[in-house]
Amino acid sequence: MSTRIAAHGRLIDRAKSVGFTFNGKPMRGYAGDTLASALLAGDQMVMGRSYKYHRPRGAVASGAEEPNALMGLGEGAKFEPNQRATTTELFEGLTARSQNHWPGLEFDVGAVNGRLSRFLPAGFYYKMFIHPRAFWKHVYEPVIRQAAGLGRVPGGRDADTYEHFHCFTDVLVIGGGVAGLQAARSAAASGASVLVLEQSAHWGGRAPVDGGTVDGAGADDFVRETVAELEAMPNVTLRNRCMGAGVYDHGYALGYERLTDHAPRAGGPRHRLWRIRARRIVTATGAIERPLAFAGNDVPGVMLASAMRDYLVNWAVAPGRRVIVATNNDDAYRTAITLKTSGIDVLRILDARSSGGGALMQEARALGIRIDCGRAIGRVSGGKRVRSVAVCAQEGTGGALEEVECDAVAMSGGWSPVVHLWSHCGGKLIWDEARAHFRPDPERPPRGADGEGFVIPAGAANGELALNGILGDADEAGKTAARGAGFKPARSKAPRGETVEEAPLQPVWLMPRHADAHLRAKAWLDYQNDVKVSDVRLAAQEGYHSVEHTKRYTTLGMATDQGKLSNINGLATLADAIGSEIPQVGTTTFRPPYTPISMGAIAGEARGAIFQPVRRTPMHGWHEANGADWEPVGQWRRPYTYLRDGESQHDAVMREVRNTRQAVGLLDASTLGKLLVKGPDAGRFLDMLYTNMMSTLKPGKCRYGLMCSENGFLIDDGVVARIDEHTFLCHTTTGGAERIHAHMEEWLQTEWWDWQVHVANLTEQFAQVAVVGPDARKLLERLGGMDLSAGAMAFMEWRDGRIAEFDARVYRISFSGELSFEVAVPASQGLAFWEALMDAGREFGVMPYGTEALHVMRAEKGFIMIGDETDGTVIPQDLGLGWAISKKKEDYLGKRAQARPHMTDPTRWKLVGLETVDGAVLPDGAYALAEGVNANGQRNVQGRVTSTYMSPTLGRGIAMGLVLNGPDRMGEVLEFPGTDGKTYQARIVDQVFYDKDGEKQNV
Amino acid sequence: MKRYSAFAVAREALRNHKGWGRAWAAPEPKRHYDVIIVGAGGHGLATAYYLGRNFGITNVAVLEKGWLGGGNTGRNTTIIRSNYLQDPSAAIYEKARSLYETLSQDLNYNVMYSPRGVMMLAQTQAEVRGYRRTAHANALQGVQTEWISPARVKELVPIINIDGPRYPVLGALWQARGGTARHDAVAWGYARACSAMGMHIIQQCEVTGIRRENGRVAGVDTTRGAIACDKLGLVVAGHSGVLAEMAGFRLPIESVALQALVSEPIKPCMDVVVMANTVHGYMSQSDKGEMVIGGGADGFNNYTQRGSFHHVEETVRALVETFPMISRLKMLRQWGGIVDMTGDRSPILSKTPLEGCFINCGWGTGGFKSIPGSGWGMAELMATGESALTRAFGLERFREGRFIDESVAAGVAH
Ligand SMILES: Cc1cc2nc3c(=O)[nH]c(=O)nc-3n(C[C@H](O)[C@H](O)[C@H](O)COP(=O)(O)OP(=O)(O)OC[C@H]3O[C@@H](n4cnc5c(N)ncnc54)[C@H](O)[C@@H]3O)c2cc1C
């Protein structure tokens, strides 16, 4: 049966029928419908189940504040749970499923919780399930988890895309109702750039539904004209379906634009996140109607009066045929009048005020509607739909005066301004006694760096509820914003709004006022989370008096609607229960986002392969084509080894080491950091950064240097080459390039800002190849060019020159113990150079080698590796690197720290070599046992393995480690328990396993 | 104090729950207490509780400027684990974890400790090595952890993406008895138990000054008047620097905002806690069904309990990469807390230069898991002047360079 009426329907197009399914059932609506209005039109009142008691629920609202009508939308990789039906625009082929029930919406086993509700009051789980202990994890919790949660879990990878926009604007207006539009107009008239965001698909907000005139014309006309005017202005951008999601420090704001949710076949990104910097932000976010707390206020068919009006006027849907209206203010009379004039029976208006309302009441009465003043709803009866209402006196305890059969209830408890965005960044609120709501405190706005408030509330969001007041306030807000953004507002008058004068509201926090315990246990505050008046009162009784305690104890306001309907009613209930006043109780904190936004939109484009950029050396493609087994190192990928057909990783590494030691190998060393340090004070600067003396290095020479943190710990190492008097090139580890660059800049910018030094990161400007092995020189000579003989270029020297047709800078340094040249060429020549080396090297048996072979060779040679031998707690002295610490310098970073008692403690663990007794490989990271246990019962230890490898050169496992008094204990055997249950025995030996005298590298 | 149990709830249900009394009393401050603890967060309350329980010291007041549990204790993502690398850390976190196992029974308040397992993903070789090392260390420290393969990771967490492409999962460090607990309940449970021992928990009572006499602590000034004490414990997390200044000494602490967020609730899909430090994010699913998400701290010093959006973006991006399906969930709420970071990222449990004044702070991004152990050790230190659990965490370590650096094994420490 359709509940569509003939009148109204300003947002629907009756000529366009739209098909969709609900729980598999085919249904039809019109273009312009929301999912909720289409369901209601199809007489589908129950739309979901509540969270705790699994109560059947219908839509109680018509917009973003809806707590009940949550759906799973779409299928497969486009499925999304917890979508509000009230803000979902209908489209052809939409598939919707209700949530949180088993086996079905109509019959749900979980509803038994509702029967047991008296045993499940607020916080029941804190008092129960304590014994037996193991039951929480294994029995109670799994059951609770299964019952909890709302929507179904989405499946797999998201099929949609998302994007980010970045923009600057002088004025951001959030909300496209009459206040937002007028504020935008008055701000834009000053010449300021203005961005207007409206969350729904329509401009104008509530005014076209609520009636009244602007400058004599209907609100609809005003909206149309103003939008047209704004659209024509080059300094104005209008965006609907775009919600102001959050306001942050320094005028930063988020917009959440739903581009294709209403048209999923349109293509392009689904959501767009606007990242906005605004000089001023106007929040014209309107107000939200409050429910009334009476027993049975959650039965499907009980609805906010304004929502019922929306369904009638916007979508021509009548949620009921025989309606009762309950209110404490005049506004709900508009709903009664609209119902009546649409041909719906309005059985009663129950006005809690003993003297009733003003002009609107007269109008309703003139239409023949029965109005009972001082009356209230005692209880609504009905299961899946309102059946009847027990009418009582508002000032009583709920004794029924009469029972009226009806099928819908419209309720209004007054209006609360939407203050969320004002509050996100610290804006404070004041309690408005007359209107019984919190509104922004103009004295305490969120302030920017200049000390000025940067958020300006406008219209209903500022507590103005009558049309004329709204327009005037908004006009002024626009001007204030323009002024704040540095513009001179144009002289203009606000349009004049006219509406019927309203009588004052009377706060009603419980209906009837003295409702007994049974009624209170059926009066809902938070629909979704099933928090009732009785729960808040119980929290108060148990001493959870802080509003935050009450919220957390009862879960009031913690559902997906974040308490948009329940907060004020909840804290009024709390205030009443503890005998305090609402302003003293205060609100909980408003946190972004205003309504939930998709994680997809937050992540934006950065996913999959472009989650983070992969940095590639010029030879990356060659490695890829030649069997590289990649290892991520920071954002780089480096070949761990190069696999040949059928070869295991381990075999490949062994082969690469052997070949390099016996013939010649190539390593792509381009990822090593290359920082150019230049300026008259460069030497002095490096003397502070490195433990070594760098200022005395001669141009043409290289020096291995160590860098420590202020706390003395070794943070990086590398070879420094002096290019000329004022120029040094500092090599860092691959992972260290950016970090060390930043470290240098930090010291230059904060401490030694007057030193004449510049640092540039040249890492990607050069491709660098290590040519390593006994045939290294021969290979380079085969290419021809500069003189690389021992006489022309000694160990630890560098030269510029040409090799074949390449511009080369050659460093004669070695990290393997072999004869070795590291050759840097401009990045653009890197691949050609590499290929030339491979070609020319064929006769020498050249092979590329990866990072693991590099590690094995450096370990055989006893060289330390940052990140292996160091871990942020190791000082150079622990590693036997005292020789690299200049004794002549007055100071360097870390020097003072290294003099602290713990650093000079002779019992610090020191670096040694370790050799297993049986030749096996020691487990990485294993600890050496010592006698006994410490005061906390932990096993005592006396050392640990820092690096461990199979050495093909020695044919056995080798390792390095830090050991208590290690260097003095050569030959002693230590025990290392593995996590595999075995204990490994290893002898302390010298850490240099290979070519102790350095004969190989010095040829 | 009325005992909590299913029977008690059933009995009360029949009389509309009229019989429940206050969980904790709201007394007026006395003039003098043997011990005053400043800060009714988890650590302050646990300190008070174990002073009473283990040492019979019950003439104690816990002073709280706001509402109890309203600092980081009520804002954190509730991960509990003890798979730390350094001995002193492993000792105090494992003590805490083992106390959590029976805390609901000890306090007669269900804190919902759920040892569902904590997994720390390794996505670089450096992490693989770091966690392997931790597994070795843990075995000798009496902490049960295990290095597991990518296949086992996938088996435990079906919704995870282990194939990258950017950072494939190479394995994980797994602590089966790690998990989560309900943060508010921890604070409330301790508060109720303290109150039952006759201790005074005084909310809305900000300490504004510290009184000294002859180089000893004599009491505090508060917004509710001066209160004298023999011993004073400062347990105020992000505000430790402020309180230390009142006591006349300085701390090596910086306060920064750490953020977290939750999704809308969905049906159960992940029963364990997953931390991914390379990409910088971690996630678990609460009993309510929300995905609870956190990441790194904001990079600037700050006392406002709200954060920037940029960290949220970084964290969510990391987790969408790790759990692709969350792309279609929505962020319900983001928030922040002020965390107290020391130079070595390890806490301070210590005597101070002011005699009779003790401090417990520096838990930074990861002190929820340690609440019972910290309270246990701190109570011992305050009652007896010495505790094996807290010995390594003294203030003098910064002067001596005796740091306890955990960043060695893992970047993020929650
Ligand atoms: C977003 C976030 C996520 C986190 N995630 C985790 C996690 O997953 N696992 C984990 O183990 N840890 C986590 N932590 C850290 C953990 O929350 C904290 O380390 C821990 O809660 C600190 O407890 P506390 O009692 O020391 O401090 P708090 O709980 O902050 O308590 C300090 C109290 O002192 C009060 N106070 C301050 N000044 C005064 C004064 N002058 N007078 C009186 N009272 C005062 C404050 O109001 C406050 O209540 C997280 C923290 C945050 C912010």
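**Figure 1. The hairpin of β50(A) and β51(A).** Five residues lie between the two strands of this hairpin, and among them Gly981(A) adopts a positive phi near 90 degrees. The model is predicted: local features require pLDDT of at least 70 and side-chain atom pairs pLDDT 80 or more, whereas totals for chains, interfaces and linings use all residues. Residues are numbered from 1 along each chain as its sequence is written, with chains lettered from A and ligands numbered from 1 in the order in which they are written. Strand β50 (residues 973-977) of chain A is joined to β51(A) by five bridges in the antiparallel sense; helices (H or I, at least four residues) and strands (E, at least two) are DSSP runs numbered from the N terminus, and strands pair if DSSP finds at least two bridges between them.

Figure 2. The open sheet has the strand order β47-β48-β49-β46-β51-β50 (chain A), with antiparallel pairing. Its edges are formed by β47 (927-933) and β50 of chain A, each of which pairs on one side only. From one strand to the next, the twist averages 35 degrees; axes are lines fitted to C-alpha atoms, for helices over the stretch in contact, and angles between N-to-C directions run from 0 to 180 degrees. Helix α25 (residues 851-860) of chain A lies across β48 (939-951) and β49 (956-964) of chain A and runs at about 115 degrees to β48(A). The other chain also contributes a helix: α5 (residues 125-141) of chain B packs on the sheet, touching β47, β48 and β50 of chain A, and its direction makes about 15 degrees with that of β47(A). Contact here means C-beta atoms, placed from the backbone, within 7 Å. Inside the sheet, strand β46 (residues 909-916) of chain A and strand β51 (residues 983-989) of chain A run antiparallel and are joined by four bridges, with Gly913(A) partnered by Val989(A).

**Figure 3. A five-stranded open sheet in chain A.** The strand order is β2-β1-β7-β5-β6 (chain A), and the pairing is mixed. Strands β2 (25-31) and β6 (80-84) of chain A stand at the edges with a single partner strand each, so one side of each has no neighbour in the sheet. The twist in this sheet averages 40 degrees from one strand to the next. Strand β5 (residues 70-73) of chain A runs antiparallel to strand β7 (residues 94-98) of chain A, and three bridges join them. One bridge pairs Met71(A) with Ser98(A) in β7(A).

**Figure 4. Packing of helices α8(A) and α9(A).** Helix α8 (residues 305-315) of chain A packs against helix α9 (residues 331-341) of chain A at an angle of about 35 degrees, and their axes are 9 Å apart. The crossing of α8(A) with α9(A) is left-handed, meaning that the near helix is turned anticlockwise from the far one by less than a right angle (clockwise being right-handed). From α8(A), the contact includes Met308(A) and Leu312(A); from α9(A), it includes Thr335(A) and Leu339(A). The contact residues comprise six nonpolar, three polar and three charged, where Ala, Val, Leu, Ile, Met, Phe, Trp, Tyr, Cys and Pro count as nonpolar, Asp, Glu, Lys and Arg as charged, and the others, Gly among them, as polar.

**Figure 5. Contact between chain A and chain B.** Chain A brings 90 residues to the contact and chain B brings 87 residues. On the side of chain A, helix α4 (residues 133-147) of chain A provides the largest share, seven residues. That side divides into 40 nonpolar, 30 polar and 20 charged residues. Pairing also crosses between the chains: strand β32 (residues 597-598) of chain A and β16(B) run antiparallel and are joined by two bridges, with Ser598(A) opposite Lys330(B).

**Figure 6. The ligand and its shell.** The ligand is surrounded by 40 residues, of which Gly39(B), Gly41(B), Gly71(B), Gly337(B) and Gly367(B) are the closest; a shell residue has its C-beta atom, placed from the backbone, within 6 Å. At least two residues of the shell come from each of α2 (42-55), β12 (253-263) and β16 (330-342) of chain B. By residue class, the shell holds 14 nonpolar, 21 polar and five charged. The secondary structure of chain B comprises 11 helices and 18 strands.

Conventions: Two residues are in contact if their C-beta atoms, placed from the backbone, lie within 7 Å.
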